[in-house]
Amino acid sequence: MPVELAAICSGVLMALAGAAILLRQHPRASVTVYAAATVPCGIATVIGLTGLLGSGVTTTTVLPVGLPWLGAHLRLDALASFFLTIVGLGGAVTSFYAIGYGRHEPEPGRVLPFYPGFLGAMMAVVLADDAFTFLLSWEVMSLLSWGLVLTHHRETETRHAAYVYLVMAAFGTMSLLLAFGLLAGGEGGYAFDAIRAGARSPATVTAILALMVLGAGSKAGLVPLHVWLPLAHPAAPSHVSALMSGVMTKVALYGFIRVVFDLLGPVEWWVSPAVIVLGAATAVLGILNALMESDIKKALAYSTVENIGVIFAALGLALAFRASAMPAAAALAFTAALFHAFNHMAFKSLLFMGAGAVLNATGARDLDALGGLIHRMPVTSFLVLVGVTAISALPPLNGFASEWLIFQSVLKSPELPQVSLQMLIPAAGGLLALAAALAAAAFVRIYGVAFLGRARSDAARQAVEVDRFSLAAMSALAALCVLAGIFPGAVIDAIAPAVSATLDARLPQQSDQPWLTLVPIAESRSTYNGMLVMLFIALSASASAWAVHRFASRRLRRAPAWDCGFPNADPVTQYGAGSFAQPLRRVLGTILLGSREEVVMPPPGELGAARHAVHARDLIWDGIYAPVTRAVGAAANRLNGLQFLTIRRYLGLVMFSLVGLLLVLTIWH
Amino acid sequence: MALIANLLIQGAQMLLVVAVAPLLVGLVRKVKARLTRRRGAPLIQPYRDLARLMRKDVVLAENASWLFRAVPYLVFAATWVAAALVPTFATGLHFSWTADLIAIVALLASARFFLALAGMDVGTSFGGIGSSREMMIASMAEPAMLLTVFAMALVAGSTQLSTVSQFVASPDVGLRVSLAMALVALIVVAIAENARIPVDNPATHLELTMVHEAMVLEYSGRHLAMIELAAALKLVLYLSLITCVFVPWGIAAGDAGALSYVTGLLIYLGKLTVGGVALAVFETSIAKMRVFRVPDFLGAALMLGLLGTLLLFVSRGL
């Protein structure tokens, strides 16, 4: 039975975590653990894929662990199979990458025990079929990833990141706890079957939805709950960052989808605008922050925030269409969301691995210490180029295919009966288009500054190509980006069982279309063929190159750069991370990010240096988190006095609280 | 038979856009010269320039990578594929279903993405300034373009260009305020995307006012020729796009006879001439704006696109 097999995979990973504690001092420990983790992840991928492509039968099982009267309910349906594929595939490729990358870890003992356990916990979240198992796996996933974030615990920044992450994770789990409490109701049926059967008032449904947005949204990185993400994801070792950004955010999405689309039952249409607006705002703010960030891994983490926003916007669209009984349109938006989630796993993992390769080769994460890596690390540079093209939603790669589907579902909005949604959705579509365009700018900046141009430091000048395991893992993901881009129909057909299991509707079978064209609604309405676009570009590029070389000239001569006659040998004169972002910082950053430029010129006649500084304030941190932190600090200071009382006063305190409580109870009844 | 005819039309159209592109650039330059009381270079000067560049050596900067050498062909190919998918003189293109309007916009974005990367490749300050400003302009222009696409698609119920074109050509459309707004927005976007005055100046040699030209400053010889041809092709693409959506009259339908193809071709060339002259007149009558005024200019397009879309819902059927 597939579900037991998947549970065994998860269990093997947990056991591997235990073994890693014993093994951690062994010189070949990291190779062994990562190689061993690849196997169950690979098997889980196969289980997930057979669940999607093959039988499509839902299998359940109850394990005699957990709460004595409940046990651990596990279930593998099409939706769980899809997310199991994401976790398994992401985990397998990342573990393979880590066989090479993990060798450079100075303290492998701080990573190895947590890593397989983290993977196993993510699988368990996807398999869980009762609230207790779900929350327990979720919390194990949070705590183990917290341990992984703390790997380089001697750096102050890492400790700060881990602390913020811990607080936010606790907050998220608390919201989920309350949400499941409301879902289970007074009788306390914690198995998902019982929850699905329960009836709820609209007020309860709204409260559950809000709690799910807080709980799952804070894990996924929805604005304004994203503050921990750009701190914690980059602080971990790069293969863990790849897992956290590429896979763990998808598990958070799974939690949201499972509860809101499956367990909760029908949801009123007026909650969907909140999800759509939140998603679109997250997309724009996330990518704008990525554009300003000069730490390569932080910029990638902010781009994760953007992609999560895009996916949430698509999920909001699906909610809106479903509430108005438009199953085909809902299936389109939902397919787009799942497709984008899969794509994001592929390219974000690839990019974090690329960042890890750069970090290994140069020891630098700051863009302004890099440059010219395309000469020193040609294979990595090429693979990362595929990743940045895919994530910038450019045809013919996979990022475009899913964004295209999202835009197609935006164009279905006029058929909605609600005028407010008809007006709101195109505006949100405009925001998504802005986010996509800004993403292209952000990734031109990251790639252009880090990989192109001239080296800005000695470390970048002497960088060498990374090991074969890392390159193989990155190649696999790059190939996935290309294949999902030119055969989007195959991916959509594979997702279709998960969509029809959740929404009772699906997109038309794409493999029936001539020439593997993507036809989401009707041929007269919109079509896209990634394969032909790829083929045409390849043909016309090679034909024109051949014609030019054959009939015109093929001579080439190397000379110093022209640079309008004033070439400067100092690499500092190149455009760097800050200067590239300057135009967009002025245009959008002053309002949305509160950034401010300051130029101090020496008075005329003096030869002192001029100074240029950029000040940026995190408006969300200042507006929401700082006041809360201050209030908590102030309250703690006040209550601090209670720790230093005499025994007499403590007794008095206990006595008075008891009397007070009893009084309240009497008045209550 | 129909298949062969369709393939022929598709092939003819692909060759036509490349062949006519330098002529359109020559026409705009000539009209601009005449308007400023200069004689101007002959209409075929762009062809001569391209031929001269093709024959010359490529002078490559010492630290240019393989990307720098591949980009001119990639940019040309992506622009050409996009241009081949826009109906020019006939709608029944064999491969028109390969990409809809959103995909065509994204293909142009791909071309720009790689060109901006090439601008960063040599590691000079001018390449960087060009790339950075180009991406700033693009990140304003692209959403405006997509909102315009939304407005058109909502009117026609499709993002397929041939369907939109046939719908607008049908008599039951009439005048629509939304379409007028979309037209203005599309023209603004087209001006920005093609690096024309007032956003950018294709003829400038004053370094600090260049955007597109700064980005391709290090290119020479056949590489530069490919990039210039791609830029000319993009201008043809935008003019074809505007004419096929907003003045689709005269475009031959998919199954029309040979005569209507010929008249369609003549009408198309006439439309291009009108568009080129209008562009030249507009460019001569306006001054280039500062770089940080461009977002306001494009923001207006963005707002028009959005208003055009919203107005559709307020004034259903007006």
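This is a predicted model: local features need pLDDT of at least 70, side-chain atom pairs count only at pLDDT 80 or more; totals for chains, interfaces and linings use all residues.
Reader: What pLDDT does chain B average, and how does the model score?

Author: pLDDT is the predictor's confidence in each residue, from 0 to 100. Chain B averages 88, and 94% of its residues score at least 70. The model has an ipTM of 0.95 and a pTM of 0.95.

Reader: Which elements make up chain B?

Author: Helices (H or I, at least four residues) and strands (E, at least two) are DSSP runs, numbered from the N terminus. Chain B holds eleven helices and one strand, in the order α-α-β-α-α-α-α-α-α-α-α-α from the N terminus.

Reader: Why is chain B said to be as compact as a globular protein of its length?

Author: The radius of gyration is taken over C-alpha atoms, and the globule rule is 2.2 Å times the number of residues to the power 0.38. For chain B the radius is 19 Å, close to the 20 Å that the rule gives for 318 residues, so chain B is as compact as a globular protein of that length. Its C-alpha trace spans about 60 × 45 × 45 Å along the principal axes.

Reader: How many residues of chain B are in contact with chain A?

Author: Two residues are in contact if their C-beta atoms, placed from the backbone, lie within 7 Å. By this criterion, 74 residues of chain B are in contact with 73 residues of chain A. On the side of chain B that touches chain A, α5(B) gives the most, with 18 residues.

Reader: Which strands pair between the two chains?

Author: Two strands pair if DSSP finds at least two bridges between them. Here β3 (residues 556–559) of chain A and β1(B) pair in the parallel sense over four bridges. The bridge partner of A:Ala559 in β1(B) is B:Ala61.

Reader: Is A:Arg258 buried or exposed?

Author: A residue is buried if 20 or more other C-beta atoms lie within 10 Å of its own, exposed if 12 or fewer, and partly exposed in between, with C-beta atoms placed from the backbone. A:Arg258 counts as buried because it has 24 C-beta neighbours inside 10 Å. A:Arg258 is in helix α10 (residues 238–263) of chain A.

Conventions: Residues are numbered from 1 along each chain as its sequence is written. Chains are lettered from A and ligands numbered from 1 in the order in which they are written.
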